[in-house]
Amino acid sequence: MDAHARTTTDPQEELAARLRLLQELSGVGVRALARDTGLSSSSLSRYLNGQTVPPWPAVVGLCRLVKRDPRPLRPVWERASNPLPAPPKSTRQGRPPVRNDLPRDVPDFTGRAEQLAAVLAAVASHRAVSVDGMAGVGKTCLAVHAAHRLAADFPDAQLYVDLHGFTEGRPPLDPDAALRMLLGALDVPSEKVPQEGLEQLAACWRSELAGRRVVVVLDNAADAEQVRPLLPGAGPSVALITSRNRLLGLDEVPPVSLDVLSPEESARLLARASGDTAGPDGRLARDPGSAAEVLRLCGHLPLALRLAGARLRHRPGWTVGVLAERMVQGAGGFDAAFNAAFAMSVRQLNRSQARLFRLLGVLPGESFDEYVVAALADVPLHSARAMLEDLLDAHLVQQPTVSRYRLHDLVHQHARRAAAEQDSTADRERALGRVLDYYVHAAAAADAAMPFLSPRRAPSAGHRPAELPQFRDKNAAFGWYVTEYANLIAAFETAAAVGADAHVCELPRFLRAYFARRCGTTHLNVLFERSLAAAERLDDPVQLAEAHSDLGYARYNAGRMAEAAAAYEAAGHRLSRSGDPRAEAELAVRRGYLSWDAGRVEEPLELFRLARKLYEQAGCPTGAAHAAASEAWTMLQLGHREEAARRARELLSLRPADPAWSPGLTARITLGLAVAQQDPDEAVEQLDRALTLAREDGHLNNQAWCLNCRGVALRQTGRYEEALASHREAFALLDELFEEHWKIHFLNGYAETCRLAGLPEEALRLHREALELARRLGNQHVEALAQEGIQQLVPAG
């Protein structure tokens with residue numbers, strides 16, 4: 001047996017694989033094999049799938065049935081029956097579990113021996129292979145089966161991504177987005193992922209793979225250009241690509257082309273999928289003419305054969321003639337073989353199940369859970385879950401991972417067509433509206449569980465679904481964002497396409513916390529630009545004011561100061577007539593930060609005080625605390641250390657639900673800097689606690705802020721080497737964020753530490769970098785500080 005034939009190092013899985021070979025040798029289905037060996041079908045299925053270790057007499061009975069000696073299986077059976085204890089888990093802090101995204105390997109994989117050997121040989125020689133062929137011919141099945149065979153030799157990760165090269169109703173997945181998904185699957189920290197540039201992303205991906213053994217399945221590629229940036233570079237990792245087109249542009253990747261199954265292979269697959277008994281007593285053998293008609297209608301295509309076989313398996317009273325008769329009702333050519341199989345499967349569903357199947361065709365995004373399905377169909381969650389299980393049994397829905405579902409491309413197309421033919425436009429629009437409502441309100445619920453800068457308004461778009469995911473903490477919320485990000489963006493694009501302006505206006509607002517931790521500022525600015533356009537169409541004064549304010553804040557965080565000021569001005573003009581104290585307070589806080597950067601150092605204090613009063617008036621205590629923390633920070637910057645420390649201590653005496661709330665973080669930083677000269681130990685303690693909170697929250701900008709302020713505090717106590725180390729760690733984080741404008745807030749402080757530590761040339765370089773950046777961004781406060789620092793180092797004359 002060669003290296004590629006080894007499927008697993010787990011003895012229970014190895015035993016199951018050997019038993020499946022015995023079943024293949026028997027040439028009969030599970031039910032017939034169970035009957036002939038005196039076992040129950042359910043027990044035999046568990047033995048064949050590796051869920052349970054069979055008793056030794058059962059193994060002997062299976063071997064005798066196919067006239068094989070059971071003795072070679074005894075050592076494997078003994079290891080499976082008495083497994084070694086699991087190795088201890090890694091003690092490396094934060095080490096993620098090995099990622100395995102591969103779909104389940106089909107238990108009835110049939111034929112393709114020559115093609116499988118070619119795939120494994122290409123991977124061994126070229127580290128990549130492309131599998132091409134027509135729709136439904138089994139490309140994905142072969143690639144996934146091969147990936148499972150290779151998994152033991154590539155233990156660092158087994159990844160899968162659908163590139164949607166041929167998905168009706170949506171464009172192929174952009175290589176940029178695919179790379180971000182793959183890097184996220186490898187748990188690459190967001191700070192290491194370039195924010196822009198396909199070449200930089202591809203280089204980051206190749207770099208990550210260079211030191212790992214990873215197998216990647218790139219499914220449904222549209223063309224060579226889509227898949228080329230996703231290929232591994234140097235190193236041991238491998239890629240398996242599928243496409244309906246031959247990828248002629250990938251000269252370095254050997255192709256393996258699939259044709260339809262042979263008649264013999266098709267008959268064997270249909271028999272295995274239907275659980276039919278081999279020999280003259282089987283339903284297929286009793287009616288060979290009808291069996292041949294079913295094979296013809298299925299076009300010898302694996303997907304259609306499995307769907308047809310599932311009908312027979314779950315309808316023991318049917319003859320093969322009945323199956324052929326039901327299928328022929330929709331048959332009319334090669335493509336009709338799919339439609340016949342799909343339509344026949346759908347006709348076996350009850351009315352509610354069939355309605356849900358059709359509505360799944362209108363879902364945006366590529367995968368879904370039971371919550372969005374409940375909203376889509378307007379049914380209770382338990383009903384949605386039960387119907388999804390029914391669709392799984394009918395092979396109309398796939399379950400790639402626990403609690404996540406998807407539709408095969410061809411099934412999705414059929415569902416869309418069926419919905420267009422059988423459901424009214426109004427029904428489809430209402431269903432889509434409920435889905436958009438769900439994503440806005442679910443995103444709002446996740447957003448509410450994240451630490452935040454200011455209180456969010458509850459969503460007003462659409463209606464709140466009866467059931468939403470429950471987020472026990474910020475980690476659960478962030479995990480939901482990671483899983484649903486592609487669907488959230490698809491929902492946003494769908495809302496924009498159908499003119500659902502309220503959803504377009506509000507959804508980006510509930511993605512801010514996620515973007516701050518994962519996606520940077522570039523994409524968020526684009527979303528808020530479109531959100532503002534939707535708000536203008538709605539012509540609601542408060543929505544329009546908040547959209548201007550949100551866009552201004554996105555502009556500010558991207559370093560686009562003049563555009564931020566213009567957006568804030570537009571927001572203020574509209575809010576002055578709205579009478580909404582909460583929105584006015586949020587804008588006042590944002591304008592305070594902008595005013596400080598613009599060099600108007602007395603104005604922020606008044607704006608933060610105004611914001612605190614407005615938040616109190618609006619009944620928002622967290623917002624008031626945030627404004628008070630900003631007020632204390634400003635007092636510190638103006639030299640009022642004692643008052644700043646007093647305000648910070650007052651804030652820290654509060655007991656928020658989340659210790660990582662932004663007011664507490666700001667208060668600890670303020671207090672640490674305020675007492676640095678009087679009580680160095682408390683200063684470092686407060687700043688270290690702030691840094692711990694920022695790290696637990698996963699917010700890289702806040703971590704850099706904490707580290708830089710810690711450097712300033714250590715410098716004020718004369719601990720220059722420790723201060724320099726803290727500054728350098730802060731700038732190492734900022735370098736990984738790929739957003740240079742964030743450095744503007746830290747350069748002068750770092751430079752002053754360098755000057756006092758006896759590094760004048762480094763200090764001068766940093767001040768000049770701050771000066772150049774400040775002039776480019778329009779930050780007059782930083783510009784003034786930089787000029788003052790340069791003058792200290794280079795006196796006039």
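Predicted model: local features only at pLDDT ≥ 70, side-chain atom pairs only at ≥ 80, totals over all residues.
**Overall build**

The secondary structure of the protein comprises 38 helices and eight strands. Along the principal axes, the C-alpha atoms occupy a box of roughly 105 × 60 × 50 Å. Of the 797 residues in the protein, 54% are buried. The accessible surface amounts to about 34,500 Å², and carbon and sulfur atoms contribute 51% of that area.

**The six-stranded sheet**

Six strands form an open sheet with parallel pairing, in the order E1-E3-E4-E5-E2-E6. Strand E1 (99-100) and strand E6 (255-257) are the edge strands, each pairing on one side only. Within the sheet, strand E2 (residues 128-132) pairs with strand E5 (residues 238-243) in the parallel sense, over five bridges. Val129 has Leu240 in E5 as its bridge partner. Helix H7 (residues 139-150) lies across E2, strand E3 (157-162), strand E4 (214-221) and E5. The direction of H7 is at about 170° to that of E5.

**The E7-E8 hairpin**

Strand E7 (residues 398-401) and strand E8 (residues 404-406) run antiparallel and are joined by two bridges. Gln398 has Arg406 in E8 as its bridge partner. Two residues lie between the strands of this hairpin, in which Ser403 takes a positive phi near 70°.

**The H17-H20 helix pair**

Two packed helices are described by the angle between their axes and the distance between the axes. For helix H17 (residues 351-360) and helix H20 (residues 409-422), the axes come within 7 Å and cross at roughly 110°. Angles of 65 to 115 degrees count as roughly perpendicular, and H17 and H20 are therefore roughly perpendicular to each other. On the H17 side, the contact is made by Phe357, Arg358 and Leu360. H20 contributes Val411, His412, His414, Ala415, Ala418, Ala419 and Gln422. By class, this contact of H17 with H20 has six nonpolar, three polar and one charged residues.

**Two histidines**

The loop between E8 and H20 contains His408, while His767 is found in helix H37 (residues 760-777). Their relative accessible areas are listed below.

| Residue | Relative accessible area | Class |
|---|---|---|
| His408 | 21% | partly exposed |
| His767 | 3% | buried |

Buried means under 20% relative accessible area. With a value of 3%, His767 is therefore classed as buried. The value of 21% places His408 in the partly exposed class.

Neighbours within four places in sequence are left aside in the contacts that follow. His408 is in contact with Leu303 and Gln398. Gln398 is also the residue whose bridge partner in E8 is Arg406. The C-alpha atoms of His408 and Val397 are separated by 7.3 Å, although the two residues are eleven apart along the chain. His767 is in contact with Asn748, Ala751, Glu752, Leu785, Ala786, Gly789, Ile790 and Leu793.

Note on methods:
Residues numbered from 1 in each chain as written. Heavy atoms only, no water. Pairing = 2+ DSSP bridges. Helix = DSSP H or I, 4+ residues; strand = E, 2+ residues; numbered from the N terminus. Axes fitted to C-alpha atoms, helices over the stretch in contact; angles between N-to-C directions. Parallel < 35°, antiparallel > 145°, perpendicular 65-115°, else oblique. Contact = heavy atoms within 4.5 Å. Nonpolar A, V, L, I, M, F, W, Y, C, P; charged D, E, K, R; others polar. Buried < 20%, exposed > 50% of the residue type's maximum accessible area, 1.4 Å probe, protein only. Areas by Shrake-Rupley, 256 points an atom, 1.4 Å probe, with all protein chains shown as cover.
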